[in-house]
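Here are a few notes to go with the model you asked about.

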Amino acid sequence: MRHPRAGILPDPSLLQANISYSLNILTMSAYSTIIQRWCLVITFASFMVIIFFFLNHNPSNTNYISDLQNLPTLLTTSNHSATIANLQYPNPQNFTLNSEFQAAPSRIPNLSSCIPLNFTGTNVEPENEKSSQVSSPELKILEPGKSSHALVPELQNSKPPPENFGQKVPVLSVLDNSKPLTANDEVLTADRRSSESSTTEEEIAVEEKKCDIFDGKWVYDPQTSPLYDPTICDSFFSDTVSCRRHGRPDREYEKWRWEAKDCKIPRFNGKDMLERLRGKRVILVGDSINHGQWESLACLLHTSIPHQSRVPNPGWTFKSEEYDCTVEFHWSNFLVELEENQTTGERILKLDKISPNAQKWIGADVMVFNTGHWWVNRKRWDLFQYKNKVFKQMKLETAFMMAMKTWVRWIEENVDTRKTRVFFRGLSPVHSGKYRCYNATMPIMNESYKLKFAKSLKGIVERTIAAMKTPVKYLNVTKLTEYRRDAHTSIYKTSRRRRPAKTADCSHWCVPGVPDTWNHLLYASMVLDSPRTTTS
């Protein structure tokens with residue numbers, strides 16, 4: 001008999017179903033919690049593996065910034081004036097980490113891979129800038145989803161710096177492994193020089209990049225300078241350049257090599273130059289300074305093939321029969337006509353008349369001109385003439401500009417650019433006063449030294465050439481020649497025993513010497529403008 005307060009007993013089967021259902025709910029809930037936790041663990045572990053990969057991936061010997069692309073913000077500056085120069089890994093000073101990285105300071109990315117290649121951590125003088133004090137770029141925050149290229153564009157096209165970048169480059173230097181300065185250093189023979197001076201096709205390919213071969217420094221290098229044995233050419237060297245023959249005791253002025261600042265100058269190769277000039281006619285036109293350059297060039301080529309070349313008219317023409325090549329010199333001190341009045345004896349400089357021997361220039365394949373040295377000496381003429389009008393006085397710069405325009409007109413009317421290449425060599429400085437050449441045995445070592453010889457004329461030459469329709473290659477040798485007061489002929493252009501100091505010639509140059517460098521740069525210009533495989 002049931003108790004009166006007792007309820008109706010539930011159906012046993014229903015009770016069992018409810019219990020089973022409840023147990024299933026509890027079991028599924030537990031499983032769900034476990035799965036969720038494992039999912040979180042796996043997700044976190046994957047995230048950490050990815051972060052670890054990016055933070056520790058540092059390709060050797062590279063400076064790419066791809067590791068930081070598309071990463072979330074890692075750094076925030078605590079001081080807006082903080083610069084990269086103040087950041088030094090692994091102890092950065094002027095920035096703090098975001099909260100997600102505060103627990104792992106050892107995983108700070110190496111910022112060195114993001115710094116431009118030309119950054120040294122110090123204030124250095126950048127290219128094309130006058131100021132030597134330049135602040136490093138301010139570190140900016142990378143926003144999530146944005147590429148770091150937008151914030152550091154200077155990194156995209158960064159180029160390897162020159163070997164001496166960030167250092168003060170001396171104008172003159174001595175090779176570390178060079179021999180002591182002595183007067184009896186060995187001069188390489190022509191055959192040995194030719195074998196050591198061959199320019200390969202790969203070297204020429206490197207030199208094709210734009211480069212100012214006239215900006216650089218002098219390096220003492222007795223192993224490669226001089227480029228030839230001058231005794232082989234003594235038979236046709238004039239007194240003006242024959243310093244050895246006239247008793248100059250030292251040889252150091254022969255052993256300096258010009259080195260470009262930002263690139264490598266192709267080594268001189270006489271046989272390759274002759275190959276480039278095969279079947280061609282070369283002329284050098286100008287004053288006695290250009291004649292010295294002709295003597296240098298003739299010897300450079302002659303010592304490359306001494307048994308197959310000849311100088312039938314010493315001082316005027318070099319000829320290589322094997323290469324069917326001639327190198328001629330034509331006197332023209334002003335490039336325009338200087339006429340002497342037979343009645344009065346007055347010398348008239350005709351500014352609108354080209355030199356009378358210009359008819360001999362026509363048809364040459366390579367032309368090398370110069371003028372300017374005679375213009376600075378007012379005693380070289382008495383009157384000016386322009387368009388049939390005679391002037392006793394005229395500003396020097398005005399007269400020189402008129403003469404240059406006359407030369408330009410002749411070039412544009414008579415030169416076929418499909419056949420002929422024209423060069424104009426810059427002014428050759430004279431050393432006087434404090435830096436007089438007499439008894440000088442070393443180049444000028446003062447880096448701040450700048451000669452002011454005919455500075456206004458130099459500017460006229462450069463502006464005139466830049467405005468020409470016919471392309472003319474300007475051999476800008478004035479600056480590099482300014483430092484070489486030691487290489488002038490001085491008193492060694494005569495064999496007389498007594499050579500008074502007042503007779504020192506500080507205009508012309510000893511050969512071997514500076515004119516060899518002018519011809520080396522002439523050859524380098526040919527190589528850079530028209531690269532080709534050379535022959536050994």
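1. W38 sits in helix α1, residues 12-56; helices (H or I, at least four residues) and strands (E, at least two) are DSSP runs, numbered from the N terminus. W38 is exposed, with a relative accessible area of 55%. Here buried means under 20% relative accessible area, exposed over 50%, and partly exposed in between, with a 1.4 Å probe and protein chains only.

2. A word on the source: this is a predicted model, where local features need pLDDT of at least 70, side-chain atom pairs count only at pLDDT 80 or more, and totals for chains, interfaces and linings use all residues. Residues are numbered from 1 along each chain as its sequence is written, and side-chain values use heavy atoms, leaving out hydrogens and water.

3. Now to V514, which belongs to helix α10 (residues 514-529). V514 is buried, at a relative accessible area of 0%. Setting aside neighbours within four places in sequence, V514 is in contact (heavy atoms within 4.5 Å) with T481, R484, A487 and W509.

4. Helix α7 covers residues 396-414. Its buried residues include F400, M404, W407 and W410.

5. For the whole protein, there are 10 helices and 18 strands. Of its 536 residues, 44% are buried. Contacts between residues at least 6 apart in sequence join residues at least 24 apart in 77% of cases.

Technical notes. The expected span of a helix is 1.5 Å times one less than its number of residues.
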